[in-house]
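Dear colleague,

Please find below the structure that I am handing over to you.

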Amino acid sequence: TVSVCWLRRDLRLGDNPALCAAVRDGGEVLVLFVLDDTLRRPAGPVRPAFLYRCLRELDERLGGRLCVRTGDPARVVPAVAREVDAHRVHLAADHGPYGRRRDDAVDHTLRADGRELARTGSPYAVAPGRLRTAGGTPFRVYTPFYRAWTAHGWRAPMAEPTGVRWARRPSDGIPDDPDLGDVRLPPAGEAAALERLGEFLHGPLRGYAKRRDIPGEDTTSRLSPYLKYGCVHPRTVLAELARAADPDSGHSGRGVHSGHSGGLAVDAEKFRSELAWREFYADVLAANPASAREDLTDSLATMSYEAPGDAFDRWRWGETGFPIVDAGMRQLLAEGWLPNRVRMIEASFVCKDLHVHWTHGARWFLDRLVDGDLASNNHGWQWTAGTGTDAAPYFRVFNPVSQGRSYDPDGTYVRRWIPQLREVPRAMVHEPWTLPDGPPDGYPPPVVDHAAERREALARYEAARSRR
Ligand code: FAD
């Protein structure tokens, strides 16, 4: 007998509950991936390239037995199940709006065929929809969610199954990478994810709570692309984090026994709370599928916005004249990744300096991010826009100059991404228009007057509130 394990956002063999369930069926296991055009459509070349690289690594680990098929999963998955006469198709539950519809359609056809769709686990430590407030409603506020999430806890990671007989069936093959131009991506796949996790836990984790907002240094885990594609399960990350932070655990990692466990415990707690934001946003999206496209709350329903125009285009390509904003967008174009602080600065600039609705900025991010994730991205944007969960008070408008001075005081970050600023003195590097001769050649003057746009944003906000 053959069981099918249909992988989607869980491209790994270790700590993979659905794969373990397929192995427990006792026969051969066919590992299937379906290249689905619906998922590829909103993305530029970066995510497909990273995905194909992850698939190649997985295929290698399976001895060339990964079965890749192209087409609509609602048709392809039942056809594969028929082809190998599998009684069951195993998968991890998907709680996103599209994923749920897709899986229900597959379930329906399989059932009509006398087969079964078995959902085991999810890409989260606690599955979206599992936690509820005391009143029985889904969470809308992060802090109580975090408390409930911590109290709920999660299982220990599962070992990679051994001695499995992997089935081999014809595969459409993994496409060649799309043209990436000069974009540099991190190494793909499960081994790279685990290596990066180890490097982070024994390196930048120490100091993470204080330094995670400094974009000029390597201060965060950069695990987001791996979590996006499930090259590592968050449960594995949480278990390894607990081991690295507990000096009594016998963990042999460097620095762990150096007597600073208090500080390290604070860093570990902060890191855990960031992982919980990912879980929170997935939970919010599962409870409010429409929030992927529209405001989660109607608090700003009557707000007036500008259509994206020339200034928005200059933002997209890192040509606004505000160094921290432009450095961020150039990093996004070059690496498909941005630190969280800079993502917030970008979102504030679009929503409050350009008065453009968050959906436009969110779409551009999803086009370019290697970790682009509907839940984290669109709710991250909504948080800044003031339309989402725990919304930052609308009147909190990020000033790009003071953000630059606070988080990139020496200008290390902006100089890295904007060559024209390399020689600008520290005091002026975040406002090069104040140089005696204006901004250096090849770098534009500011596209807006921040002080004026801040006033404009607040006026629009007051007007929207008074119309409610
Ligand atoms: P670390 O600081 O090392 O954090 C570890 C992990 O925790 C991250 O990999 C991520 O999975 C999770 N995490 C951390 N911060 C957040 C957060 N604020 N919200 C949700 N999860 C978080 N994250 C994405 O994975 N995909 C996105 O498309 C995305 N878009 C964003 C858009 C905006 C406007 C904002 C403000 C944030 C967005 N984030 C997104 C969240 C966050 O910026 C990234 O997860 C983080 O910068 C990734 O870098 P890291 O792995 O080094 O993070």
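**Domains and their contacts**

Thirteen is the count on both sides here: 13 residues of domain 1 are in contact with 13 residues of domain 2, where contact requires the C-beta atoms of two residues, placed from the backbone, to lie within 7 Å. By class, the side of domain 1 that touches domain 2 has five nonpolar, three polar and five charged residues. In this scheme Ala, Val, Leu, Ile, Met, Phe, Trp, Tyr, Cys and Pro are nonpolar, Asp, Glu, Lys and Arg are charged, and the others, Gly among them, are polar.

Please note that this is a predicted model, in which local features need pLDDT of at least 70 and side-chain atom pairs count only at pLDDT 80 or more, while totals for chains, interfaces and linings use all residues. Residues are numbered from 1 along each chain as its sequence is written.

The chain is divided into domain 1 (2-122), domain 2 (190-287) and domain 3 (310-462), with bounds that come from an automatic or database domain assignment. Between the C-alpha centres of domain 1 and domain 2 there are 28 Å.

Helices (H or I, at least four residues) and strands (E, at least two) are DSSP runs, numbered from the N terminus.

Strands of a sheet pair through backbone hydrogen bonds, either parallel or antiparallel. Here an open sheet of five strands has the order E3-E2-E1-E4-E5, with parallel pairing; two strands pair if DSSP finds at least two bridges between them. Strand E3 (67-70) and strand E5 (116-119) are the edge strands, each pairing on one side only. From one strand to the next, the twist averages 30 degrees. Four bridges join E4 (88-91) to E5, and histidine 90 has alanine 118 in E5 as its bridge partner. Helix H5 (97-112) lies across E4 and E5, running at about 140 degrees to E5. Axes are lines fitted to C-alpha atoms, for helices over the stretch in contact, and angles run from 0 to 180 degrees between N-to-C directions.

Most residues other than glycine have a negative phi. Aspartate 15, however, has a positive phi near 45 degrees, and aspartate 85 has a positive phi of about 55 degrees. Aspartate 15 is in the loop between strand E1 (2-6) and helix H1 (17-24), whereas aspartate 85 lies in the loop between helix H4 (73-84) and E4.

Which of the words buried or exposed applies to aspartate 15? Aspartate 15 counts as buried because it has 24 C-beta neighbours inside 10 Å. Aspartate 85 is exposed, with 9 other C-beta atoms within 10 Å. The cut-offs are 20 or more other C-beta atoms within 10 Å for buried, 12 or fewer for exposed, and partly exposed in between, with C-beta atoms placed from the backbone.
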